[in-house]
Amino acid sequence: MEMVETEVFDLESRLEKLVKLCAHAMDGGRQYCSSSRLFVCALQELSFHSQEDSMLKECLEKFSEGLNRITDSHLSLSCHISLRSSQYMSLSLLRDLRSFRDSRKELERCREGLESALNHNAELSRKKAQEVQEASSAVQASRKAFRERVLDYTLQINVIQGKKKFDILEFMLQLLDAQAGFLAQSHTVLQNLDDYRKSLAAQVHQKVLEGAREHRDLEQKLVRMKRTEISDEDSVHQGDGDASEVVIEGYLFKRASNTFKTWSR
């Protein structure tokens with residue numbers, strides 16, 4: 001019985017640790033879902049900024065909707081695990097373990113009462129018949145109470161030993177089912193976006209190639225412009241003879257030196 005009690009107390013400490021870590025994990029999951037929702041809202045706001053670009057707007061809207069549905073599935077997973085953890089660990093098994101601890105204390109009290117009754121009965125003189133009879137009755141009552149408490153305590157140990165296995169297995173099954181449901185829903189969301197994602201990837205690849213060609217053409221044009229002399233663009237070519245090419249032609253304006261400083265063509 002001492003070995004079983006040690007196992008039960010060890011199980012209680014491990015389950016309390018598991019429940020505490022599960023609560024921390026659920027809090028982290030809810031914070032992650034909250035941050036994911038803010039991220040999705042930022043993507044949606046970015047799509048409002050890109051109203052003129054239909055390709056970018058459609059991409060942001062579709063992917064935002066998909067990420068939002070995945071976040072909803074993740075939040076459902078966290079709530080489900082938290083509920084099952086409370087149901088199978090906190091409320092069921094841990095409650096039984098704490099009740100077991102109280103039963104053990106009650107058993108110790110019954111044992112001490114029986115020992116006290118036996119000691120009192122042994123100390124009485126056999127000449128005092130009335131007191132001997134009362135002490136004997138007290139011993140019988142204490143022995144009966146102790147026996148009943150021992151049987152209840154033994155039954156409770158057997159119940160816990162059998163129940164802990166099924167509760168832990170049930171919790172693990174519920175946990176894996178919830179994980180499988182979350183992954184299946186997320187996979188369905190991504191599968192629905194698969195065709196659009198592949199089409200978008202091909203378009204983006206084509207846009208990247210076109211952008212690279214435009215960038216190369218601009219670089220080559222910039223190099224040619226840098227090689228061009230500024231004087232060739234701004235000055236008038238002064239050649240000899242009629243064969244000289246006229247670069248700029250037009251009127252000249254000269255400012256007069258009179259009082260009004262007028263301009264003459």
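Student: How many helices and strands does the chain have?

Tutor: Helices (H or I, at least four residues) and strands (E, at least two) are DSSP runs, numbered from the N terminus. Here the chain has 5 helices and 2 strands. Their order along the sequence is α-α-α-α-α-β-β. This is a predicted model: local features need pLDDT of at least 70, side-chain atom pairs count only at pLDDT 80 or more, and totals for chains, interfaces and linings use all residues. Residues are numbered from 1 along each chain as its sequence is written, and side-chain values use heavy atoms, with hydrogens and water left out.

Student: How many disulfides does the structure hold?

Tutor: A disulfide is a covalent bond between the sulfur atoms of two cysteines. The cut-off is a pair of cysteine sulfur atoms within 2.5 Å. This structure holds 0.

Student: Is Cys33 buried or exposed?

Tutor: Buried means under 20% relative accessible area, exposed over 50%, partly exposed in between (1.4 Å probe, protein chains only). Cys33 has 3% relative accessibility, so it counts as buried. Cys22 is also buried, at 13%. Buried residues are 24% of the 265 in the chain.

Student: Where does Tyr251 lie?

Tutor: Tyr251 sits in the loop between α5 (230-234) and β1 (254-255). Tyr251 counts as exposed because its relative accessibility is 60%.

Student: What share of contacts joins residues at least 24 apart?

Tutor: Contact means heavy atoms within 4.5 Å. Among contacts in the chain between residues at least 6 apart in sequence, that share is 74%.
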